[in-house]
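Please keep the sequence and the 3D view at hand as you read.

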Amino acid sequence: MSSISCYAMVVSGLESIAAREIELLLGAKITRKTDGLVTFKIDGPDPDLFDLKTTEDVFLFAWGTDSLTYRAKDLEDIRKWTAKEGDWTRLISQHHAFKPKTKGKPTYRFITQMDGEHGYHRKDAQKEFAKGLAKFIPPNWRMVEDNASVEFWLTIEEKTAVAGIRLTDKTMRHRTYKVAHRPASLRPTVAAAMVRIAELKPQHKVIDPMCGAGTILGEYQIFAEGWRMPREAAWGGDIEQAAVLDASANTRRLGKIYLHRWDARWLPLDSCSIDRIICNPPFGKQISSEVDINKLYRGLMIQFNRILSPGGKAVLLVSDYAALKGACENVGWELEKKFRTEILGQNAVISLWHKPAPEGTLSAPEGVLPVSNDLQGTE
Ligand SMILES: C[S@@+](CC[C@H](N)C(=O)[O-])C[C@H]1O[C@@H](n2cnc3c(N)ncnc32)[C@H](O)[C@@H]1O
């Protein structure tokens with residue numbers, strides 16, 4: 001089979017992380033990265049595609065454009081491009097190569113997503129998309145509302161449109177390990193991206209000191225499985241006992257994690273004993289009004305700086321980046337990378353910080369992590 005063109009939907013701002021994962025896992029050639037979208041080519045129907053962790057969904061590529069006009073004229077173009085540009089017969093056979101046909105009549109559905117102020121409705125765009133596709137759909141196929149074996153997708157985002165056939169389903173972005181959910185929980189794909197930003201090694205001691213439902217810890221465990229070698233157990237904790245229990249339920253089957261209820265501003269851990277902190281502290285709007293976000297972040301960074309080994313790194317996701325920057329600079333950390341993204345409809349920044357090692361220091365000191373007896377640990 002000749003090369004297959006695909007596109008992945010990605011959380012905005014994390015395209016370069018997803019592109020790197022696609023390259024490494026699939027040996028793919030990245031052809032384009034735009035807001036929320038990564039297009040790539042692979043040599044054949046590689047089942048590893050379903051193991052991607054930083055992508056929300058993956059599709060076979062039919063056609064794409066950056067030149068929608070927002071006017072009704074787009075509708076005619078959508079129909080024409082769908083009828084002429086997309087080699088749908090080939091795409092359908094590629095889909096069957098990834099996902100063998102099930103018994104009985106194949107079922108299909110059309111899905112259109114539209115973002116932006118266009119001079120036409122989403123339903124009109126879908127109608128034209130369906131008209132363009134009509135001649136490619138075998139007559140014995142049955143259209144259904146849900147659970148179709150083949151989904152034809154049209155995604156419109158401002159001036160950009162892309163059309164194709166969906167390969168993945170919701171388990172790609174939701175994960176099956178998450179059995180307990182919490183309101184401010186991260187999307188697993190974002191947590192997976194944070195883990196990849198952290199430049200991890202098997203000997204690293206990793207912690208999420210404000211772990212909520214444990215999504216970052218879960219994604220760390222899944223990532224670290226790929227090393228196929230012994231690794232340090234990860235650490236996590238939260239000020240809320242219910243969160244610790246949820247994190248425990250979610251990560252139980254993924255490997256050894258020490259979980260504790262604690263206040264991250266007073267961590268019962270040795271100084272300089274941790275190599276990587278990966279954390280998503282509460283956003284301003286998630287904490288009570290009397291708690292000043294600047295004060296919270298300053299308190300956290302003083303503590304994170306104490307436990308982090310010289311040369312260690314922290315990946316932090318916040319919405320109030322100015323407050324975080326002030327707190328990190330206050331403890332002498334240096335910024336290495338920054339990714340602007342959007343979390344729960346809010347602008348947010350994932351940043352990678354590094355604690356400088358004093359001159360002449362070659363490696364982080366070895367350290368055990370004693371946990372004080374008054375904390376309830378779950379393993
Ligand atoms: C944005 S949520 C983290 C979400 C988590 N990454 C997840 O995917 O579920 C922030 C967490 O910080 C916890 N938290 C707030 N203040 C804390 C503190 N002083 N010490 C430890 N945890 C704290 C909250 O209980 C909440 O679970």
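The notes below cover the pocket and then the ligand.

Please bear in mind that this is a predicted model. Its largest pocket holds about 820 Å³ of space, and a ligand sits among 19 surrounding residues.

**The largest pocket**

- The lining of the largest pocket is made up of 29 residues, and those closest to the pocket's centre are M9, V10, S12, G36 and E157.
- Five strands are listed as giving two or more residues to this lining: β4 (57–65), β5 (107–115), β7 (150–157), β8 (160–166) and β14 (334–343).
- Sorted by class, the lining residues of the largest pocket come out as 12 nonpolar, 10 charged and seven polar.
- Both domain 1 (4–172) and domain 2 (175–378) take part, each supplying at least three residues to the lining of the largest pocket.

**The ligand and its shell**

- Of the residues around the ligand, S185, A213, T215, D238 and A264 are the closest.
- The shell around the ligand is built from 10 nonpolar, five polar and four charged residues.

- D238 brings a polar side-chain atom to 2.6 Å from an oxygen atom of the ligand.
- A213 uses its backbone instead: a polar atom there is 2.8 Å from an oxygen atom of the ligand.
- On the nitrogen side, a polar side-chain atom of N280 lies 3.2 Å from a nitrogen atom of the ligand.
- How much of the ligand does the protein bury? The ligand taken alone exposes 610 Å², and the protein buries 91% of that area.

Terms used:
Residues numbered from 1 in each chain as written. Predicted model: local features only at pLDDT ≥ 70, side-chain atom pairs only at ≥ 80, totals over all residues. Heavy atoms only, no water. 1 Å grid on protein atoms, 1.4 Å probe; cavity = no way out; pocket = protein on both sides within 12 Å on 5 of 7 lines; lining within 4 Å. Points joined across faces, edges and corners; volume = space filled by probe spheres on them. Helix = DSSP H or I, 4+ residues; strand = E, 2+ residues; numbered from the N terminus. Nonpolar A, V, L, I, M, F, W, Y, C, P; charged D, E, K, R; others polar. Domains from an automatic or database assignment. Near = heavy atom within 4 Å. Polar contact = N/O pair within 3.5 Å; in protein donor to acceptor, adjacent residues only side chain to side chain. Areas by Shrake-Rupley, 256 points an atom, 1.4 Å probe, with all protein chains shown as cover.
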